[in-house]
Amino acid sequence: MSVKIRLQRHGKKGKPFYWVVAADARSKRDGKYLEKIGTYNPNTNPATIDLNLDSAVKWLNNGAQPTDTAKAILSYKGALLKHHLEGGIRKGALTQEQADAKLATWLEAKSGKVDAKKDGLTKAQADAKAKAFKAEQDVNAKRLAAAAKAEADAIAAATPAVEEVAEVEASTEEAPATEENNETTEA
């Protein structure tokens, strides 16, 4: 029986979530598996990978062949490096302590790169949010200035009309007064 380390799809439509499993090569993609090695969530940025390193190395030592994507995941998490270092230990080229030290330094460097990417992404999001907020403030300031100008123009347009009405009223008040004076002089 040939064993493959591959991805088994879970999750809903458009939101994939994968289990990394060791399965018989003849079984279906989402069918029966021998052991669940970990999970892979490509929906997050960076992708979330939870992998049992010892179990993955055990299956690699037993001859399991990873698929292309599973091989990339195993490489990303250091399972292939650990498998390679264990081969060096079996041949006598390395001691267990040397192999553990090499793996620890590689894992530390890798986690530093991942943390740097996460920090860069959060900084980029914060910058984009600040830029959008600044643009929104500018638009609001322009809108308020336009509204104030329109209101001032409306008041200015209404003021001459009020003055004209006041002049008309004043002239109509003066005219009857002169008529009354004329009547009083006649009487």
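Tyrosine 33, at 32% relative accessibility, counts as partly exposed; that label covers the range between buried, under 20% relative accessible area, and exposed, over 50%, with a 1.4 Å probe and protein chains only. This is a predicted model, where local features need pLDDT of at least 70 and side-chain atom pairs count only at pLDDT 80 or more, while totals for chains, interfaces and linings use all residues. Residues are numbered from 1 along each chain as its sequence is written, and side-chain values use heavy atoms, with hydrogens and water left out.

Now the rings. The structure holds 2 aromatic pairs, meaning rings of Phe, Tyr and Trp (its six-membered ring) with centres within 6.5 Å; planes under 30 degrees apart are stacked, over 60 edge-to-face, the rest tilted. The centres of tyrosine 18 and tyrosine 40 are 5.9 Å apart and the planes at 25°, so this pair is stacked. Tyrosine 18 is in strand 2 (residues 15–24) and tyrosine 40 in strand 3 (residues 35–41), 22 residues apart; strands here are DSSP runs of E, at least two residues, and helices runs of H or I, at least four, numbered from the N terminus. Tyrosine 40 is buried, at 17% relative accessibility.

Tryptophan 19 and tyrosine 33 have ring centres 6.0 Å apart and planes at 85°, so they are edge-to-face. Tryptophan 19 is partly exposed at 22%. What sits over its ring? The charged end of lysine 36, 4.1 Å from the centre of the tryptophan 19 ring; the criterion is NZ of Lys or CZ of Arg within 6 Å of the ring centre and within 35 degrees of the ring normal.

Last, leucine 74. Leaving aside residues up to four places away in sequence, leucine 74 touches several residues, including Ile5, Leu51 and Pro66, with contact meaning heavy atoms within 4.5 Å.
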